[in-house]
Number of protein chains: 2
Amino acid sequence: MRFELITKDKNTRARRGRLHTAHGVIETPIFMPVGTQATVKSLTPEQLRDLQVEILLCNSYHLFLRPGHESVARLGGLHKFMGWNRPILTDSGGYQVFSLSSLRDVSEDGVRFRSHLDGSTHFLSPELAIDVQQTLGSDIMMILDDCLAYPADHFAAERSMKRSLAWADRCNRHWIATGQNDERQKHSALLGIVQGSIYGDLRRESAERLGAMDFPGYAIGGLAVGEPKPLMYEIIEQVEPYLPEEKPRYLMGVGTPADLAEGVARGVDMFDCVMPTRHARNGWLFTKSGHIVIKHSKYKDDPEPIDASCGCIVCRTYSRAYLRHLFLAGEILSSVLNTIHNLYFYLDTIRRIRQFIEFHHFNEFLTETRRMGAH
Amino acid sequence: MRFELITKDKNTRARRGRLHTAHGVIETPIFMPVGTQATVKSLTPEQLRDLQVEILLCNSYHLFLRPGHESVARLGGLHKFMGWNRPILTDSGGYQVFSLSSLRDVSEDGVRFRSHLDGSTHFLSPELAIDVQQTLGSDIMMILDDCLAYPADHFAAERSMKRSLAWADRCNRHWIATGQNDERQKHSALLGIVQGSIYGDLRRESAERLGAMDFPGYAIGGLAVGEPKPLMYEIIEQVEPYLPEEKPRYLMGVGTPADLAEGVARGVDMFDCVMPTRHARNGWLFTKSGHIVIKHSKYKDDPEPIDASCGCIVCRTYSRAYLRHLFLAGEILSSVLNTIHNLYFYLDTIRRIRQFIEFHHFNEFLTETRRMGAH
C-alpha cells in the first residue's frame, strides 16, 4: 500500500490524498461503508458500485466465527467470496470481542471470549488477529488492540494503552515474519492504532511509540465510545501532531456527517461507521437540512423525494409517501432503498469535502456544516 | 388491450402470443412475479428490469388497505408510486378477502370483512373492486369473484359460481359505465374469471356465460387451492374448449415450474405465483435438476453456484457457500440474491417454453419436464 498526499488545505489540517492498494486506488478523505458479515446489509455489490463505493470495511470477529476465515480462504478469499473486487479493510476483531462477546478474559497473551452466536470459547491473540486478516485476504489490516470502555481512569487507561502497544509490536513482527514470501503483502498494509482514552499524555506516548514501529498508517481508536463530541475533537487535535504527515490517518467508528467534516478539519483521512446503513434500516434518513424519520404520518401523502437536492436513484424515483409505505409494511425494499440513499448522502458528503479541499475552500464547508448544526 | 395469437403448437394446446397494453407489449406465455404491496419483495424495479420482467401482479386488497388506492392515485398512480413503467395486472381483492381477513360476511351485494392489519371493517362490492383497480391505474384488471375453499360440494360450488357470474356482470357494466370517457380504458382490460370448483358442468356453464359477456380475456380461478395436481390439470382441460381462442387465458396463482409447462400444454397463456419469491426468502432454490435447500450443511464449503447451467447474475457471481452464509446470518442480501435467482429460473423457463412452441417442439420440453419429475 502506498499513500500519496496530493494537497493540504491552507486554513485547516484537512488533506487530500490517494491510497494505492492491490485492489485499486482510493481517494481520501474516504468514508468506508461497513460490511460486517461479508455484506453491506441489504445491498448487492452492483448497487455498491453504482454508488461509487471505493472500499468496504469487514469485521474479522464476525467472519472468524461464521463462516470461519479458513472457509473463506478455501472459497478464494473474502473478495471473491462476497463478489467485491475493490479494496477491503478489516478490523482486528478486538472491538467486537470487547463489545459483543461475554466472559472476556484479557491477559498479556490475548483475550479469551465466548462467541455471541453459540457461546463457544475462543482465544484471540495478536498473532491470530493477523492470521485471520491475512487468511481473509484483506487489503488493509488492523492491529489487535485492547479496547477500553468509557469512562476509564488514568491508571486503567495507561495499562490498556501499554498492552495495546505490546500487542501492536507482536502484530507487526508476526505480519512481517509470516508475509516475507507473500506477494500480497507487498500491496497490503497493517495499520497501528493509537489508544490512551481521554488522556493527552497517554495518547502522545501511544502515538510516538507506534510511530517508532513504522506502520504504513495510523488509526485513532477508542473514540466515539460515549465521550462528549467536543472531547472527541480535542483528542484528535492532541494526537494529530504526533502522527507522521506522509501516512494516512483513520478515525475508527466515526461518525455523523458533521463528524466527517470535523475529523477532516483535524487531519483525518479515513472514516467508517454503521450509522448510514443502520439508521437506514430504522427509517432515519439524512438530508442536507437535517434528518427525517420516514414513518412519520406527515409523509403519508408526501409526493416529494427524501431530499430534493439529492442526486441518488431513490430521490430521483420515489416519493416519501412510497418510502413510508414500504417502511410501515415491513418490506425488505424499505431497507434497500433507505440504505442506498443514506450511503449516497455520506459518499456525496465526502466527495464534496474533497472538492472543497482541492479548491482550498474547505473552511467554507466546515463553517456551513457548523452553521447547520444538524446531524 | 389487444391480444395477438402468433402461433399454435402442432401437438398440444400450447400457444405463443403477444399482449399489447398501455405500458408496453408482453410476450405470452408469460409468468408474472407478484408485487403484493407495490414491491416485489426485496427487489428494486431496476433489478426486475435486469431480470427482463415484463409485467407484475399487484394485490388490490393490500393496496386498498395500505396505503389506500386513493392515496396511490394522488401520488400519480401505481406505476409512478412504485417506480415501475411496464404493465401491471391487479387482482380484485376477492381472493385475499377470503384467505387473509377474518369475519367475512358474503351476500349478493358483496363481502364485508375485517382488515388483517387492524381489524377495521370494510365492504367490498363488485363496483368498488373495479373502482379500486381503475384508481390504481392497473393495465389488466380482474372481476370480483366469490372464492370457494376446497373441497366444496356441488351445491355450494354452484351457488358460489352463480354469485361470481352475477358479480362479473356487475363488474363489467360498472367498468364500461365509468370508463366511457376514460382514455386509459381503451388500453386497459377487465378479465372474467371462470369458477365452478372441480365440477365440469359448473365450469362449463361459468365459461359459456362469461363468454357471452365478451371479456377481452379469461382467467381460470379457484385452482391451486389444495386439490390434487392431476385434478387441476383435468379441470383446465375441461374448461379450455369453452374459452375463445382469440383471447388470452390466465391460470391464477399457479404454480411450480412443472405447472407452467402443464398449463401451457393445456392452452394457458398467463401465470402468477408467489412461489419463486417466497421460496427464495426461505432458502429454497430452483435448479434444472430439482430444488436445493441452501441452509443444508453440505453446502458449507461448496464453491459451486446454485445451478452451473444458470445464466443469472447470482450463479455467475456467488458460491452456494456464500449464499448459505448469508441465509444463516439472517442477512437481507440472502433474500435479495435468492429472489433474483428464483425469478430468473421462472422467467428462463417461460422463455424456453416460448422457444419450444415457436419451433413446434414443445412436446419435447413437456416430455423432459415430466421425465425430470422435479419441482
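Biologist: Quick one to start: is Asp214(B) buried or exposed?

Modeller: Asp214(B) counts as exposed, at 54% relative accessibility, where exposed means over 50% relative accessible area, buried under 20% and partly exposed in between, with a 1.4 Å probe and protein chains only. Bear in mind that this is a predicted model, in which local features need pLDDT of at least 70 and side-chain atom pairs count only at pLDDT 80 or more, while totals for chains, interfaces and linings use all residues. Residues are numbered from 1 along each chain as its sequence is written, chains are lettered from A and ligands numbered from 1 in the order in which they are written, and side-chain values use heavy atoms, with hydrogens and water left out.

Biologist: And where does Asp214(B) lie?

Modeller: Asp214(B) lies in the loop between α8 (200–212) and β12 (218–220) of chain B; helices (H or I, at least four residues) and strands (E, at least two) are DSSP runs, numbered from the N terminus. Asp214(B) is not a glycine, yet its phi is positive, near 60°.

Biologist: Which peptide bond involving Pro29(A) is cis?

Modeller: The bond that joins Thr28(A) and Pro29(A) is cis, with omega about 0°, and Pro29(A) is placed in the loop between β3 and β4 (30–32) of chain A. The bond from Arg66(A) to Pro67(A) is cis as well, with omega near 10°; Pro67(A) has its place in the loop between α2 (60–65) and α3 (69–74) of chain A.

Biologist: Switching to the sheet: in what order do the three strands of chain A stand?

Modeller: They form an open sheet in the order β1-β2-β3, with antiparallel pairing, and two strands pair if DSSP finds at least two bridges between them. Because β1 (2–8) and β3 (24–28) of chain A each have a single partner strand, they stand at the edges, and one side of each is left without a neighbour in the sheet. From one strand to the next the twist averages 15°.

Biologist: Which helix packs on that sheet?

Modeller: Helix α14 (residues 332–358) of chain A does, touching β1, β2 and β3 of chain A, and its direction makes about 120° with that of β2(A). Axes here are lines fitted to C-alpha atoms, for helices over the stretch in contact, with angles running from 0 to 180 degrees between N-to-C directions, and contact means heavy atoms within 4.5 Å.

Biologist: How many residues are in the largest nonpolar core?

Modeller: There are 235, and those with the most contacts inside the core are Leu78(A), Tyr250(A), Leu78(B) and Tyr250(B). The largest share, 13 residues, comes from α14(A). Such a core is a set of buried Ala, Val, Leu, Ile, Met, Phe, Trp, Tyr and Cys residues joined through side-chain atoms within 4.5 Å.

Biologist: What does Leu78(B) touch?

Modeller: Not counting residues up to four places away in sequence, Leu78(B) touches several residues, among them Ala38(B), Cys58(B) and Leu136(B).

Biologist: And how many aromatic pairs does the structure hold?

Modeller: Over all chains there are 18. In one of these, Tyr322(A) and Phe81(B) have ring centres 4.8 Å apart and planes at 80°, so the pair is edge-to-face. That pair crosses between chains, from helix α13 (residues 320–328) of chain A to helix α4 (residues 78–82) of chain B. The rule is that rings of Phe, Tyr and Trp (its six-membered ring) pair if their centres lie within 6.5 Å, and planes under 30 degrees apart count as stacked, over 60 as edge-to-face and the rest as tilted.

Biologist: Are Tyr322(A) and Phe81(B) buried or exposed?

Modeller: Tyr322(A) is buried, with a relative accessible area of 1%, and Phe81(B) is buried too, with 2%.

Biologist: Last one: which ring does the charged end of Arg351(A) sit over?

Modeller: It sits over the ring of Tyr344(A), 5.7 Å from the centre, and in chain B the charged end of Arg351(B) sits over the ring of Tyr344(B), 5.6 Å from the centre. A charge sits over a ring if NZ of Lys or CZ of Arg is within 6 Å of the ring centre and within 35 degrees of the ring normal.
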